[in-house]
Amino acid sequence: MNFKQPLKLHYFAYRRSYPLFWFLTIIAGISALYWFPDFQDLCLYVSVITMVLSFIFTIMIGIYEYNSLFFHYYYLKTNGREFYYSCLIYSVINSIIQTLGLTLIFGAIAYFYPENRLFPYWAPTTFIFVFLTHILLFACSCSLTILLRKAKHIRAFIYLSLLILFAIIPFEHYLTIMIFISNFYFRFAFIYSLIPITLVLIAFVFFIVFIEFRYLKNEKALSKR
Amino acid sequence: MSVLICEGLTKASKNLPIDKFNYNFLNNQIYAIVGKSDSGRETLLDLMAARIKPDSGTVYLDGEKLYENATMSKRLCYISKDTGFPGHLNIRAIFKLMASFYPKWDNAYAYELLDYFHIETRRSFSSLSSHEKQLVLGVLGLASRANITIFGTPLDDVDVKDRFDFFNFMYQHHIRYPRTLIISTDYIDEIESIIDKVLFLDKGRLFESCTIEEIKNNFRFLSGKTEVLKSLISGVKVIGIEERYNNLTVCVAKKLTKDEIRKYQKYLIKISEVPIQKVFIFLLNLREKKGIQ
């Protein structure tokens with residue numbers, strides 16, 4: 001099976017998105033220095049917000065994957081299975097890139113502010129969990145995208161509801177959420193116990209994607225018209 | 001060098017079904033598929049390119065089943081209306097992508113054609129107008145140099161001049177690198193000089209397939225004064241009639257003998273070739289009159 005071709009499509013499709021995302025994130029992080037005089041709090045905000053943003057970025061890529069990229073590939077090369085397997089490989093590549101990006105941010109914070117103890121910057125569990133969460137989120141967004149492919153209005157409603165939900169939550173609640181997230185990452189034993197569960201979940205969701213994908217492939221060309 | 005064999009292809013669909021399509025697309029020939037919009041042409045092309053799975057029947061490429069066959073799929077390039085790329089990709093990136101998809105990809109030729117059509121390769125795919133997009137897709141199909149290249153109504157939005165030039169390039173490229181080209185088109189008369197065989201499709205069924213030579217030889221237009229022509233064609237199999245004022249044009253489905261030609265000329269009846277598009281329309285009308293489903 002030739003994974004090189006669909007992976008190349010992934011490369012061309014996303015090659016500018018990552019530098020753009022990380023550039024904007026870093027700029028946003030640096031510019032936040034002007035708004036937050038408390039450096040310790042800022043470090044926590046930057047860490048958690050960057051992480052959440054990278055998760056959202058992964059979800060968006062997962063949505064784009066089966067909303068658009070698959071069709072671009074399938075209308076050129078009719079061997080869809082290659083795309084599915086390349087999608088699996090790409091989910092790992094995406095997680096590696098995102099984890100490396102976060103490592104860079106965490107490393108910078110830990111370097112400039114070593115006495116900061118609000119977030120476990122160098123704990124292996126942090127990186128393992130971030131890595132696995134990215135793969136899981138990617139798989140889930142792929143699966144949901146295929147599932148909701150025909151229900152365009154429902155999809156728009158879900159996106160809109162999520163946006164409204166984020167907008168109406170008061171800022172204090174966000175602080176609570178951030179502190180909760182930071183505390184969660186200190187629960188090393190719990191995170192270790194979550195790893196096998198997450199792995200099983202990833203395998204399960206990708207299996208669902210595979211089943212959905214088979215249906216999508218067979219009915220796709222006619223239903224698009 | 002490749003041969004595409006369609007064996008009993010059937011696909012049920014609400015509007016565009018295909019019913020038991022059998023045909024062998026031979027090596028190094030140019031085929032045109034002509035049909036109405038509800039003839040199932042696009043479904044047929046999707047089936048031939050293994051883009052969709054048939055309900056029954058099989059497509060073989062060089063003796064191997066094509067559906068879900070990664071090795072064989074690189075020998076076939078199918079450019080349809082739906083073919084597209086992520087909008088932010090520029091044409092250069094698209095060319096690089098195509099080069100990895102098709103082993104015989106002709107990069108220099110692709111650049112040469114785009115230069116001819118004044119399309120800059122730095123531009124992103126989304127910034128192209130529909131006219132330019134179709135030209136780019138057409139160029140991709142040609143430059144892929146795949147053994148079997150299928151074009152699904154490739155240049156609908158392209159102006160007549162660029163279309164003429166494109167088909168001219170297609171012919172020259174086919175002479176240089178012979179391969180099988182299958183073109184589904186509404187502009188059959190514009191490409192009749194480059195195609196070898198034409199397939200007429202109606203309601204998912206192949207009802208006629210013939211070479212251009214056969215059409216040229218077996219169908220003739222006779223035109224002249226209505227009263228004169230009407231008296232001359234009694235007993236002749238006429239498949240189409242066009243009457244404008246006092247002038248009648250009929251399409252006869254037979255090879256005219258020397259005696260017949262002499263007879264018609266004697267009564268000042270003009271004999272001419274029938275454009276393929278007209279043959280298709282007349283045959284289709286005939287089928288409708290006979291109630292053939």
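**Reading a predicted two-chain model**

Guide: In chain A, 87% of the contacts between residues at least 6 apart in sequence join residues at least 24 apart. Please bear in mind throughout that this is a predicted model.

Visitor: How many helices and strands does chain A have?

Guide: Chain A contains 8 helices and 0 strands. Read from the N terminus, its elements follow the order α-α-α-α-α-α-α-α.

Visitor: Why may chain A be called as compact as a globular protein of its length?

Guide: One compares the radius of gyration with the value from the globule rule. For chain A the radius is 19 Å, close to the 17 Å that the rule gives for 225 residues, so the chain is as compact as a globular protein of that length. Along the principal axes, its C-alpha atoms fill a box of roughly 60 × 35 × 35 Å. Of the 225 residues in chain A, 36% are buried.

Visitor: Is A:Gly80 buried or exposed, and on what count?

Guide: The cut-off for a buried residue is 20 or more other C-beta atoms within 10 Å of its own. A:Gly80 counts as buried because it has 20 C-beta neighbours inside 10 Å. This residue lies in helix H4 of chain A, which covers residues 80-112.

Visitor: How far apart in space are A:Gly80 and A:Arg214?

Guide: Their C-alpha atoms are 8.7 Å apart, although 134 residues separate the two in sequence.

Visitor: Let us turn to chain B. Which domains does the assignment give?

Guide: The assignment for chain B gives domain 1, made of 4-84 + 143-214, and domain 2, made of 220-273. Between the C-alpha centres of domain 1 and domain 2 of chain B the distance is 35 Å.

Visitor: What holds the strands of a sheet together?

Guide: Strands of a sheet pair through backbone hydrogen bonds, in either a parallel or an antiparallel manner. In chain B, strand E1 (residues 4-11) and strand E2 (residues 18-25) pair in the antiparallel sense over 5 bridges. B:Leu4 stands opposite B:Phe25 in E2(B). E1(B) and E2(B) form a hairpin, with 6 residues between them.

Visitor: In what order do the strands of the open sheet in chain B stand?

Guide: The order is E12-E13-E11-E14, giving an open sheet of 4 strands with antiparallel pairing. At its edges are strand E12 (238-244) and strand E14 (270-273) of chain B, each of which pairs on one side only. On average, neighbouring strands of this sheet are turned by 20° against each other, direction ignored.

Visitor: Over how many bridges do E12(B) and E13(B) pair, and what packs on the sheet?

Guide: E12(B) pairs with strand E13 of chain B, residues 247-252, in the antiparallel sense over 6 bridges. Within this pair, B:Ile241 stands opposite B:Val250 in E13(B). Helix H11 of chain B (residues 276-290) packs on the sheet and touches E12 and E13 of chain B. The direction of the helix makes about 110° with that of E12(B).

Visitor: How many residues does the contact take from chain B and from chain A?

Guide: The contact takes 23 residues from chain B and 23 residues from chain A. On the side of chain B that touches chain A, helix H1 (41-48), helix H2 (70-73) and helix H3 (91-101) of chain B each supply at least two residues. H3(B) provides the largest share of that side, 4 residues. By class, the side of chain B that touches chain A has 10 nonpolar, 8 polar and 5 charged residues.

Terms used. Residues numbered from 1 in each chain as written. Chains lettered and ligands numbered in written order. Predicted model: local features only at pLDDT ≥ 70, side-chain atom pairs only at ≥ 80, totals over all residues. Buried ≥ 20, exposed ≤ 12 C-beta atoms within 10 Å, placed from the backbone. Pairing = 2+ DSSP bridges. Axes fitted to C-alpha atoms, helices over the stretch in contact; angles between N-to-C directions. Contact = placed C-beta atoms within 7 Å. Nonpolar A, V, L, I, M, F, W, Y, C, P; charged D, E, K, R; others polar. Rg over C-alpha atoms; globule rule 2.2 N^0.38 Å. Domains from an automatic or database assignment.
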